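Visitor: Hi, I have a structure open and some quick questions. Can we go through it together?

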Amino acid sequence: MTDLYVTPQGVGTGSSQHQTPSLNADMKMSAAMIKDSEALLDKDGVAVRTALESDGALLWEIARDAKGIDLNSPYAYMMMCQNFCDTSAVVEVYGQPAGFVTAYRLPKRPQVLFVWQIAVLPEFRGLGIGQRLLDGLVTLPGCATVRTMETTVTPSNGASEALFRGFAKTQGACLDIREGFASTDFPDDAPGDAERLFVIHPLHPID
């Protein structure tokens with residue numbers, strides 16, 4: 001992972017193509033140092049941006065390095081970014097990619113945003129990055145009229161359950177847990193755990 005640099009301006013909110021000048025070429029901030037600087041991190045160290053159509057390879061690399069999540073083919077992430085970049089996001093910490101969330105609006109229910117996958121690199125965990133990702137996701141222009149978020153979570157994935165419960169709480173929304181996929185729904189040659197459907201609503205006040 002590329003070293004992180006502290007800057008007087010924090011991190012910009014533009015795309016990763018813009019390089020933030022370093023305060024000192026020799027002043028490198030490690031993930032451990034960031035964890036000790038949560039006040040600064042909460043103020044301006046984290047930027048959530050809309051995914052770019054060209055971010056597919058980056059998302060695949062993050063998913064690969066994040067571990068613990070299903071790694072899909074590079075093609076899947078490339079197509080996700082090409083078709084649903086306006087409802088997906090990348091989080092950067094001091095200008096360095098730290099995680100992503102991919103989501104899309106349901107064609108038959110466009111006010112519903114389905115979160116397909118969320119990933120945070122191990123060195124950035126424990127800093128509330130996942131929460132920042134979801135909070136930033138629903139503020140994207142592409143999610144302006146979204147009223148409900150849905151996702152599926154396995155019963156054994158306590159971290160994801162805690163993340164979405166926390167998100168619902170910060171949104172002042174209700175969380176309904178419904179039946180999603182049963183383990184028997186998966187092919188015999190590719191078994192999977194049961195998936196519960198999490199429904200979070202309402203996300204934005206309806207005028």
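Visitor: Which element gives the largest share of the lining of the largest pocket?
Guide: This is a predicted model. In it, strand E6 (109-120) gives the largest share, seven residues.

Visitor: Which other elements give two or more residues to that lining?
Guide: Helix H5 (129-137), strand E7 (148-153) and helix H6 (158-171) do.

Visitor: How much space lies in there?
Guide: About 1,100 Å³. The pocket is lined by 37 residues. Ile69, Gln117, Ile118, Asn157 and Ser160 lie nearest its centre.

Visitor: And what classes of residue make up the lining?
Guide: There are 19 nonpolar, 13 polar and five charged residues.

Visitor: New topic. How many aromatic pairs does a search of the whole structure find?
Guide: Four. One of them joins Tyr77 and Phe100. That pair is edge-to-face, with 6.1 Å centre to centre and 80 degrees between the planes.

Visitor: Where do Tyr77 and Phe100 lie?
Guide: Tyr77 is in helix H4 (residues 74-84) and Phe100 is in strand E5 (residues 96-106). So the pair ties together parts 23 residues apart in sequence.

Visitor: Buried or exposed, those two?
Guide: Tyr77 is buried, at 0% relative accessible area. Phe100 is buried too, also at 0%.

Visitor: What about the rings of Tyr77 and Trp116?
Guide: Their centres are 5.7 Å apart. Their planes are at 40 degrees, so this pair is tilted. Trp116 lies in strand E6, so the pair ties helix H4 to a part 39 residues apart in sequence.

Visitor: How accessible is Trp116?
Guide: Trp116 is at 32% relative accessibility, so it counts as partly exposed. Ring pairs link Tyr77, Phe100 and Trp116 into a cluster.

Methods:
Residues are numbered from 1 along each chain as its sequence is written. This is a predicted model: local features need pLDDT of at least 70, side-chain atom pairs count only at pLDDT 80 or more; totals for chains, interfaces and linings use all residues. Side-chain values use heavy atoms; hydrogens and water are left out. On a 1 Å grid over the protein atoms alone, a cavity is a set of points where a 1.4 Å probe fits but cannot get out, and a pocket is an open set with protein on both sides within 12 Å along at least five of seven lines; lining residues have an atom within 4 Å of a point. Grid points are joined across faces, edges and corners, and a volume is the space filled by probe spheres set on the points. Helices (H or I, at least four residues) and strands (E, at least two) are DSSP runs, numbered from the N terminus. Ala, Val, Leu, Ile, Met, Phe, Trp, Tyr, Cys and Pro count as nonpolar, Asp, Glu, Lys and Arg as charged, and the others, Gly among them, as polar. Rings of Phe, Tyr and Trp (its six-membered ring) pair if their centres lie within 6.5 Å; planes under 30 degrees apart count as stacked, over 60 as edge-to-face and the rest as tilted. Buried means under 20% relative accessible area, exposed over 50%, partly exposed in between (1.4 Å probe, protein chains only).
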